[in-house]
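Subject: Structure for you to look at

Hello,

Here is the structure I promised. Please open it first, then read my notes below.

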Amino acid sequence: MLYPAKVMRASDLEKHMGLSRGTVSRLVHFPGQKFAWKNGTARNSPVLVDTESFEKWRLQQIKISQGGTV
């Protein structure tokens with residue numbers, strides 16, 4: 001999948017992929033993920049997502065769910 005930018009806000013990712021806020025929130029808080037981080041220390045700081053790392057992780061998750069090996 002192609003993304004408009006290398007790093008995107010989680011809210012922009014919701015709009016681009018058509019995912020719900022809850023789905024993106026679960027992805028961002030998935031244990032061990034390394035593609036999303038909080039930008040700043042404020043409670044309302046945006047969550048940023050490295051789209052290249054996210055796409056690799058997403059494809060890996062699909063492969064695992066289909067019974068493939070990592």
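**What I found**

The protein has 3 helices and 3 strands. Keep in mind that this is a predicted model. Starting at the N terminus, the order of elements is β-α-α-β-β-α. The C-alpha trace spans about 40 × 25 × 20 Å along its principal axes.

Now the inside and the surface. The protein has 70 residues, and 27% of them count as buried. Its accessible surface is about 5000 Å². Carbon and sulfur atoms make up 55% of that surface. Take the contacts with a separation of 6 or more: 44% of them join residues 24 or more positions apart.

Next, the aromatic rings. Two rings pair if their centres lie within 6.5 Å. That rule gives 5 aromatic pairs. One of them joins Phe35 and Trp57.

Are the two residues buried or exposed? Buried means under 20% relative accessible area. Phe35 is at 2%, so Phe35 is buried. Trp57 is at 14%, so Trp57 counts as buried too.

The pair is also part of a cluster: ring pairs link Tyr3, Phe30, Phe35, Phe54 and Trp57.

Last, the charges. There are 11 positive and 5 negative ones, and their mean positions lie 6 Å apart.

Best wishes

Terms used
Residues numbered from 1 in each chain as written. Predicted model: local features only at pLDDT ≥ 70, side-chain atom pairs only at ≥ 80, totals over all residues. Heavy atoms only, no water. Phe/Tyr/Trp six-rings, centres within 6.5 Å; stacked < 30°, edge-to-face > 60°. Buried < 20%, exposed > 50% of the residue type's maximum accessible area, 1.4 Å probe, protein only. Helix = DSSP H or I, 4+ residues; strand = E, 2+ residues; numbered from the N terminus. Contact = heavy atoms within 4.5 Å. Areas by Shrake-Rupley, 256 points an atom, 1.4 Å probe, with all protein chains shown as cover. Lys, Arg positive; Asp, Glu negative; His and termini not counted. Charge placed at Lys NZ, Arg CZ, Asp CG, Glu CD.
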